[in-house]
Structures are given as C-alpha cells and as structure tokens.
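Reader: I'd like to go through this structure with you. Can we start once it is on screen?

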Amino acid sequence: MDVSLIVSNILNPPVLFFFLGMTAVFVKSDLEIPAPIPKLFSLYLLFAIGFKGGVELVKSGITQDVMLTLGAAVLMACFVPVYTFFILKIKLGNYDAAAIAATYGSISAVTFITASAFLTELDIAFDGFMVAALALMESPAIIVGLILVNLFAANKEQDFEWSEVLREAFLNSSVFLLVGSLIIGVLTGEHGWEVLEPFTQGLFYGVLTFFLLDMGLVAARRIKDLQTTGVFLVGFAILIPVVNAGLGLVIAKLIGMSVGNALLFSVLCASASYIAVPAAMRMTVPEANPSLYVSTALAVTFPFNIIVGIPLYLAGIEFLWS
C-alpha cells in the first residue's frame with residue numbers, strides 16, 4: 001500500500017482534529033463540547049449529505065448501475081450480521097453477539113462522509129447516489145439482529161413489540177433526516193442546490209472538522225471500556241471491517257463500480273454504527289451490554305477506518321482495478 005495515502009488521509013484537517021480530541025482526553029485537558037452542539041452538527045451533516053445525494057440522484061437517474069449498487073448495499077447489510085453473529089458466539093452470549101453483529105451490519109455516516117472528503121481531496125470522482133446506499137444500509141441490520149435474538153436467545157418467551165422495532169429502525173432521527181433530505185434533494189434538483197449551496201457546501205468541511213474533534217473526545221473516553229472486552233473483541237473490531245471491506249470490493253468489482261463508488265461502498269461495508277443501532281439495541285435488547293457494542297464500534301473500528309482503513313481500501317481498489 002502507498003504510505004503516502006495514509007499520510008494524506010492523516011494530514012486531512014478533520015482527521016487531525018479527531019486526533020486533537022483524543023489527545024485532549026489523554027493529557028487530561030478540560031476541553032469539552034457542550035452536549036447540544038455535537039447533536040446539531042450530526043443533524044447538519046446528515047442533512048447536507050442527504051440533500052446533495054438527492055440532487056446527484058436526479059442527475060444520474062435510476063439506472064441499472066444504481067439499482068445494482070442499492071441491491072448490493074441491502075445484501076451486505078443483511079449478510080454481515082448473520083455471519084458475524086456466529087463468530088461472536090464463540091466467546092459471547094446470544095444477546096451480546098446479536099447486538100454487536102447488528103452494529104457491524106449497519107453503517108457509520110461520519111466514516112462515509114470522511115471517505116467522501118478523502119476522495120475529494122484526491123480529486124477522485126464518485127456518484128451522489130451512493131448516499132442512497134448509505135440510507136438503505138442503516139435499518140436492515142437492526143431487523144436482522146433482532147431476528148437473531150428471537151431465534152437463538154435463551155429466553156424464548158420474550159416478546160418484541162415489532163411495531164416499535166420497525167419504527168425505531170426506519171424512523172429514528174438519523175434515517176428519517178437522511179432519507180427526507182435525499183427526497184427533498186430529488187424534488188428540488190439543481191435549483192434547490194443553487195439556493196442551499198452556501199449552507200450545504202460552504203459550511204460542510206468546517207462542521208465535519210468540529211464534529212470529528214468531538215468524536216475524538218468521545219472515542220478516547222470509551223477506550224477504557226475495552227478493558228472489559230479482552231483481546232477477542234478488539235481483534236474482531238479491527239479484522240472484521242477489513243473482511244467486510246474485502247467482500248464489498250469483490251462485489252463492487254463484479255458489478256462494475258467506479259473507483260470512487262467502490263471506495264464508498266467498501267467503507268459502508270466496513271463501518272459500524274455507534275448511534276442508530278445502539279439506540280435500537282438499548283430499547284429492544286436490554287440484556288446486551290452497551291459497553292461492548294458501543295466501545296468496539298466507536299473506540300476501535302471508527303478510528304481504524306478513518307486513519308488506516310480508508311487509504312487501505314483505496315489501495316485494494318487500485319490493485320484490483322488496475
């Protein structure tokens with residue numbers, strides 16, 4: 001792998017501010033982002049990326065390539081929780097295994113956005129309809145995770161309110177805003193983009209940078225939770241994203257994705273949810289330990305992907321596509 005790709009990624013301002021946030025915790029600085037601000041920035045990023053994706057979807061149209069990509073996204077979102085569940089059952093109980101499997105079957109929108117910024121920095125083109133793949137991959141993993149709990153959990157008498165499960169899976173704030181912004185982008189098209197461009201584009205990298213500063217603070221604080229997980233889960237949180245990215249690259253090659261789209265797809269396959277899925281799991285699978293599925297996704301997989309994973313997956317694409 002070209003080491004310059006890793007260096008280029010690390011020297012991106014958003015990634016450097018992520019390190020700054022982690023450093024603040026390690027040196028015991030009193031740096032803190034007031035609670036409402038990260039939530040606002042998270043909503044802004046989802047809105048901006050969703051709206052832009054809708055506009056780009058209008059430009060590209062619903063082609064065979066688009067449908068193949070979206071189908072592949074749903075396939076991976078359903079497959080990853082199943083196979084990772086059986087790996088996790090080697091060391092963990094059914095509830096924890098299902099919760100972590102669902103976490104890794106879903107996606108991290110911020111990792112996707114960071115990868116988009118990386119591609120822009122390298123002047124590698126990608127299509128806006130990849131945002132639709134992002135939106136489609138969030139919810140299926142939650143459903144599959146809960147099906148696994150129903151099939152394998154020791155307490156067979158436990159009943160789920162499936163209406164609440166589905167509502168949480170498809171109408172949680174992240175999915176709702178992302179899909180809603182995507183639809184508005186489709187409806188308003190180029191005119192809507194011209195009206196909102198100063199807000200959706202001009203502020204985007206500044207907000208992303210500030211949000212990653214906060215994510216660095218949160219990730220560093222979660223590292224201590226890994227003491228309870230042992231070597232097995234730490235290794236899982238590093239190796240499984242690479243395996244999932246590899247599966248994503250094979251699929252991307254088979255259906256003929258461009259380099260930029262293939263990177264974004266592999267990043268979606270490799271990332272793990274630390275917002276939507278944990279919220280759903282806490283509500284529906286209270287027997288699972290949140291420190292396991294949150295700390296592995298946020299304190300290990302997220303930093304690994306944005307620091308090493310993104311350039312590693314691009315190197316794999318350049319090798320396969322050459």
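Reader: Is cysteine 78 buried, partly exposed or exposed?

Author: This is a predicted model. In it, cysteine 78 counts as partly exposed, because its relative accessibility is 30%.

Reader: And cysteine 269, buried or exposed?

Author: Cysteine 269 counts as buried, because its relative accessibility is 2%.

Reader: How many disulfides are there in the whole structure?

Author: A search of the whole structure gives 0 disulfides.

Reader: Why is cysteine 78 too far for a bond?

Author: The closest cysteine sulfur to that of cysteine 78 belongs to cysteine 269, and it is 12 Å away, which is too far for a bond. A disulfide needs the two sulfur atoms within 2.5 Å.

Reader: Changing topic. How many cavities of 30 Å³ or more are there?

Author: The count comes to 1 cavity at that cut-off.

Reader: What volume does the largest cavity have?

Author: About 150 Å³. It is lined by 15 residues, and those closest to its centre are Leu46, Ala109, Val110, Ser174 and Ile275.

Reader: Which helices each supply at least two residues of that lining?

Author: Helix H3, residues 36–60, and helix H6, residues 109–121, each supply at least two residues of the lining of the largest cavity.

Reader: What is the lining made of, by class?

Author: The lining of the largest cavity has 10 nonpolar residues, 4 polar and 1 charged.

Definitions and conventions:
Residues numbered from 1 in each chain as written. Predicted model: local features only at pLDDT ≥ 70, side-chain atom pairs only at ≥ 80, totals over all residues. Heavy atoms only, no water. 1 Å grid on protein atoms, 1.4 Å probe; cavity = no way out; pocket = protein on both sides within 12 Å on 5 of 7 lines; lining within 4 Å. Points joined across faces, edges and corners; volume = space filled by probe spheres on them. Helix = DSSP H or I, 4+ residues; strand = E, 2+ residues; numbered from the N terminus. Nonpolar A, V, L, I, M, F, W, Y, C, P; charged D, E, K, R; others polar. Buried < 20%, exposed > 50% of the residue type's maximum accessible area, 1.4 Å probe, protein only.
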